Amino acid sequence: MTERIKILMIDDHPMIIEGYQNTLQFTKKENQELRIDIANNCDEALRFMDKSVAQNDPYNVLFVDISLPPSSDGTMNSGEDLAEHARKILPRAKIIILTMFNESFRIHNIIKTIDPEGFLIKSDLTSSELASAFQAVLYNPPFYSGTVNSHIRKTITSDIVIDEKNRKILHLLSQGVKTKSLASHLDMSLSAVEKRKRQLKDLFCIEDGQDETLLNEARKQGFV
């Protein structure tokens, strides 16, 4: 019996999409029939998703690139926004996230907000891994690439527990944001930011008080 699988691929690089398509078509199982739609930006993706809902013909799998131009109405600013929207209107669809980002903060945030069935870092990706990920997501999710699993293992095995605000402080510091500018990014007072930084340095046992030492230790333990 033929299994029809409806797929939406969202990426703003046509050559990458073509590679994904070819890989899936060449490696699909004999009883699988793939119907693939392609969107190169947020607006196209929204039109395809809305149409599938209106026609009661929902997608089974969505491949979503994180880095996408925003939608024309400004409601969607990235693939993350699209994936969150898809969770609401296509609750049974399996979502595979693809991204070049490999920072711990971004990985943690995507897993927390989207909880994707598949999570692939593009620098890890090979044709065989894409094929394996697709089949695993269909029948035995989740499937995470090596870099994602490495970050998860590091944070799980660490004895240090930090909240979302502290994760964001570490992320912003790693991006070169100065302490005096952190307050505006976090909607906190400068004194509150400085207090959290002191707590982080205590958590990571930073004796010299330097931000760079804190970041180096946070990187070792998978928090940056």
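Let us start with the aromatic rings: this predicted model holds 3 aromatic pairs. Rings of Phe, Tyr and Trp (its six-membered ring) pair if their centres lie within 6.5 Å, and planes under 30 degrees apart count as stacked, over 60 as edge-to-face and the rest as tilted. A pair of aromatic rings is described by the distance of the centres and the angle of the planes. For Y20 and F63 the centres are 6.4 Å apart and the planes meet at 25°, so this pair is stacked. Because Y20 lies in helix α1 (residues 14–27) and F63 in strand β3 (residues 61–65), the pair ties together parts that are 43 residues apart in sequence. Helices (H or I, at least four residues) and strands (E, at least two) are DSSP runs, numbered from the N terminus. Both Y20 and F63 are buried, where buried means under 20% relative accessible area, exposed over 50% and partly exposed in between (1.4 Å probe, protein chains only). Together with F134, Y20 and F63 form one aromatic cluster.

Two other rings have a charge over the face. A charge counts as sitting over a ring if NZ of Lys or CZ of Arg is within 6 Å of the ring centre and within 35 degrees of the ring normal. K6 lies over the face of Y59, at 4.5 Å from the ring centre, and R106 over that of F101, at 4.1 Å from the ring centre.

Now find S78, in the loop between β3 and α3 (79–89). With 15% relative accessibility, S78 counts as buried. Its side chain reaches the backbone nitrogen of E80 at 3.2 Å. Setting aside neighbours within four places in sequence, S78 is in contact (heavy atoms within 4.5 Å) with C42, I66 and L68.

Is C42 buried or exposed? C42 counts as buried, because its relative accessibility is 0%. C205, at 63% relative accessibility, counts as exposed. Searching the whole structure for disulfides (pairs of cysteine sulfur atoms within 2.5 Å) gives 0.

Next comes E3, in strand β1 (residues 3–10). At 28% relative accessibility, E3 counts as partly exposed. Which residues does E3 touch, not counting residues up to four places away in sequence? They are N31, Q32, E33 and Y139. As for T113, 110 residues from E3 along the chain, the C-alpha atoms of the two are separated by 30 Å.

Stepping back, we can look at the whole chain. Its secondary structure comes to 10 helices and 6 strands, and its C-alpha trace spans about 65 × 35 × 30 Å along the principal axes. Of the 224 residues, 45% are buried. Among contacts between residues at least 6 apart in sequence, 65% join residues at least 24 apart.

A word on the ground rules: residues are numbered from 1 along each chain as its sequence is written, and side-chain values use heavy atoms, with hydrogens and water left out. In this predicted model, local features need pLDDT of at least 70 and side-chain atom pairs count only at pLDDT 80 or more, while totals for chains, interfaces and linings use all residues.

Methods. Polar contact = N/O pair within 3.5 Å; in protein donor to acceptor, adjacent residues only side chain to side chain.
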